[in-house]
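Please work through the following exercises with the sequence and the structure at hand. Each task is followed by a solution in steps.

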Amino acid sequence: MTVRLESSWQTALQREFTAPYWQELTNVIRHAYQEKTVYPPPQQIFAALNLCPLPTVKAVILGQDPYHGPGQAHGLAFSVQPGTPLPPSLQNIYKELSTDLGITTPTHGDLTAWAKQGVLLLNTTLTVKASAPLSHRNLGWEQFTDAIINVLGQQHRPLVFLLWGKHAQSKQLHIDTDHHLVLTAPHPSPLSAHRGFFGCQHFSKCNTFLERTKQGSIAWNSICD
């Protein structure tokens, strides 16, 4: 699997591409795309990194694995391609966004505008077999995304990590919580959103921290344009 990454990420992650696990992972993923329907499309596997160069990252939202339905996943956690119905988790994210900041619910689910402002929308597993959630778990993607979190955790500027659900929160051990702001809440899934995701105010808390550290806030309403 040829990796075409934005240059800052290519440099930061170069050691991973020579590690034994990476060769094993790429062989498995290459065969998976040849034999089955896998999401997202191969050219979009690394979209989160390519749209959000390392020096621009201000905040990180961690998802689990890509959506597993046709026309949904395009490489950004929780985001779907334009014209695709909003998945339930994204609907709940929009509900919290409205409650927290009074932002009108967008008519689409494409979060690219957030990524271009420095919100890294990263799934911990970057591919999935069609109609089979978590099917590419434990193939090696977690080691790769651990490396990404480690790189982010070593940044001199303080970042905001929005960790929704236990799976995302397991990455917290890679983050210096004395330097970076870590915000945790239940997953926005309908199964758990009512347990504390609703009312978490993570969007406003993120911006308050970014403004206090003189990095400039995220225009969360940019997806409404």
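Predicted model: local features only at pLDDT ≥ 70, side-chain atom pairs only at ≥ 80, totals over all residues.

**Exercise 1.** Determine the strand order of the open sheet and identify its edge strands.

*Solution.* The sheet has four strands in the order S3-S2-S5-S6, paired in parallel. Strand S3 (119–123) and strand S6 (181–185) each pair on one side only, and they are the edge strands. From one strand to the next, the twist averages 20°. Helix H6 (residues 141–153) packs on this sheet, where it touches S2, S3 and S5, and its direction makes about 155° with that of S3. Helix H8 (residues 202–212) also packs on the sheet; it touches S2, S5 and S6, and its direction makes about 175° with that of S6.

**Exercise 2.** Describe the pairing of S2 with S3 and with S5, and state whether the residues of S2 are buried or exposed.

*Solution.* Begin with the bridges: five connect S2 to S3 in the parallel sense, and four join S2 to strand S5 (residues 160–164), again parallel. Next, locate individual partners. Leu-62 stands opposite Leu-122 in S3 and opposite Leu-163 in S5, while Val-60 has Phe-161 as its bridge partner in S5. Then consider the side-chain directions: Ala-59, Ile-61 and Gly-63 point one way, Val-60 and Leu-62 point the other way, and all are buried. Because five of the five residues of S2 are buried, the strand is largely enclosed by the rest of the structure.

**Exercise 3.** Classify the packing of H2 against H6.

*Solution.* Two packed helices are described by the angle between their axes and the distance between the axes. Helix H2 (residues 20–35) and H6 pack at an angle of about 125°, and their axes are 9 Å apart. H2 is therefore oblique to H6. In the contact, Tyr-21, Trp-22, Leu-25 and Ile-29 of H2 meet Trp-141, Gln-143 and Phe-144 of H6. By class, this contact comprises six nonpolar residues, one polar residue and no charged residues.

Methods
Residues numbered from 1 in each chain as written. Heavy atoms only, no water. Pairing = 2+ DSSP bridges. Helix = DSSP H or I, 4+ residues; strand = E, 2+ residues; numbered from the N terminus. Axes fitted to C-alpha atoms, helices over the stretch in contact; angles between N-to-C directions. Contact = heavy atoms within 4.5 Å. Parallel < 35°, antiparallel > 145°, perpendicular 65-115°, else oblique. Nonpolar A, V, L, I, M, F, W, Y, C, P; charged D, E, K, R; others polar. Buried < 20%, exposed > 50% of the residue type's maximum accessible area, 1.4 Å probe, protein only.
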